[in-house]
Each structure stands twice: as structure tokens, then as C-alpha cells.
Amino acid sequence: VYAFGEAPWDPELMQPCYRETVRSQGRLAQLAAPFGFLGTQSLVFGAQDLVQQLLADAVATFLQLADQCLTSALGCDQAALQLERVGARVLKKFESDGRAAQRGFARDGLMGIFLPFVLSQLQPSAQELRELEGAVLAAGSQALTAEGVYEDVVRELLLQRIDRELEKALGASDTSCGLADCPEAPGDQEGA
């Protein structure tokens, strides 16, 4: 039980997860040229941290539930059966948490990659911002800036598109969407 509790911090046990995230770094590097994204290493470390945290949460949940259901009155067979039930329950929760974490991580990562690019491509002129500023001030809020409203609108539209694409990629199958598996190639700036 002690060894199991240490699993998330055991580099040897975590090595397959770490290797997979490093393999993904090569695919992520393809985003540097077309989108000017330079944070691939940060995404890799974030993915590794996320995997470690998910495993640590699963271990903590297992240990807590096992502690609750195991008593000295149980025989070996009954205890083994209880542990199997706890294990199945924790694995189901781990899968659910993993899908939710994958979706959230992908969403945040895609926003970090595409928002700066989209803002730079759609950058309005100073005249357009002044006109927008007048409309914002006419609406009665001096705390808002035209640039802030503009960025919020672009961010919201981008989030909607990302959510729609994630739903297509992850919603039906709940499987990983590597760059090679996604319908749009990373170099396709218009489609992206």
C-alpha cells in the first residue's frame, strides 16, 4: 500500500507517461512557424504535471475508500472483494476525471496557441478602435475599453470554435486527438 501511494512520484513508473508527452512535443513544435507559438515545452510540462496529479488523486481516493471499507472483521476473501470493488470504482472515476482534464487541458492549450495569433491577424486599426471606443462609452460604461471589449469578443468566438472542434474530436469517442488525428493540419491557418 505504501508503494502504491508513492506511485505518482516514482519516476520509473511515470516514465511511459513522460515519454508520451515528450513525443507530443515534436508535433507541437510544428505550431511554432505558422502560429508563432513558442510554448511547447510549457505545454509538455503541464501535461506531465496533469498526469501526475490525476494519478495522485486516484491513489488518494483509493486509499481513502479502502480505509473506509476494510475492517479487521473481514476475512481475506471478503477484503479482496472489497478492494476489487474500490479499485473498479476508482478506475471509473479516474477515467472520467482524465477525460475532463484532457478536454480542459486541450481547451486551455489551444487558446494559448491560437488567441495571440488570431488577435495579431485581426488587429483592428486605430480608427476602428476609436469608433468602437465611442460606441462603448455611449453605452454608459467608462470602465470598459474598446481593446478589452474587442479581445473579449475574439476570445469568446475562439472558445466557441475550440469547444465545437473538441466536441467533434473528443465528444463522440473520448479518445486522444493528436495533431495527426485532427481534421485540420496545423499549417492550415484559414481552417484553424
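A residue is called buried when its relative accessible area is under 20%, exposed when that area is over 50%, and partly exposed in between. By this cut-off Glu-165, with a relative accessible area of 19%, is buried. The model is a predicted one. It holds 7 salt bridges, while a search of the whole structure finds 0 disulfides.

**Cysteines**

- A disulfide is a covalent bond between the sulfur atoms of two cysteines.
- Cys-76 counts as exposed, because its relative accessibility is 69%.

- Side chains of opposite charge can pair when their charged atoms come close.
- Arg-23 and Glu-20 form a salt bridge in which the closest N and O atoms are 2.6 Å apart.
- Both residues, Arg-23 and Glu-20, belong to helix α2 (residues 11-29), where 3 residues, or about one turn of the helix, separate them.
- Glu-20 has a relative accessible area of 36%, so this residue is partly exposed.

- Glu-167 is paired with Arg-103 in a salt bridge whose closest N and O atoms are 3.7 Å apart.
- This pair links distant parts of the chain, with Glu-167 in helix α7 (residues 146-171) and Arg-103 in helix α5 (residues 76-121), 64 residues apart.
- Glu-167 counts as partly exposed because its relative accessibility is 46%.
- Arg-103 also has a stated accessibility class: at 27% relative accessibility, Arg-103 counts as partly exposed.

- Arg-161 forms a salt bridge with Glu-165, and their closest N and O atoms lie 3.2 Å apart.
- Arg-161 and Glu-165 are 4 residues apart in helix α7, which means that about one helical turn separates them.

Conventions: Residues numbered from 1 in each chain as written. Predicted model: local features only at pLDDT ≥ 70, side-chain atom pairs only at ≥ 80, totals over all residues. Heavy atoms only, no water. Disulfide = S-S within 2.5 Å. Buried < 20%, exposed > 50% of the residue type's maximum accessible area, 1.4 Å probe, protein only. Salt bridge = Lys/Arg side-chain N within 4 Å of Asp/Glu carboxyl O. Helix = DSSP H or I, 4+ residues; strand = E, 2+ residues; numbered from the N terminus.
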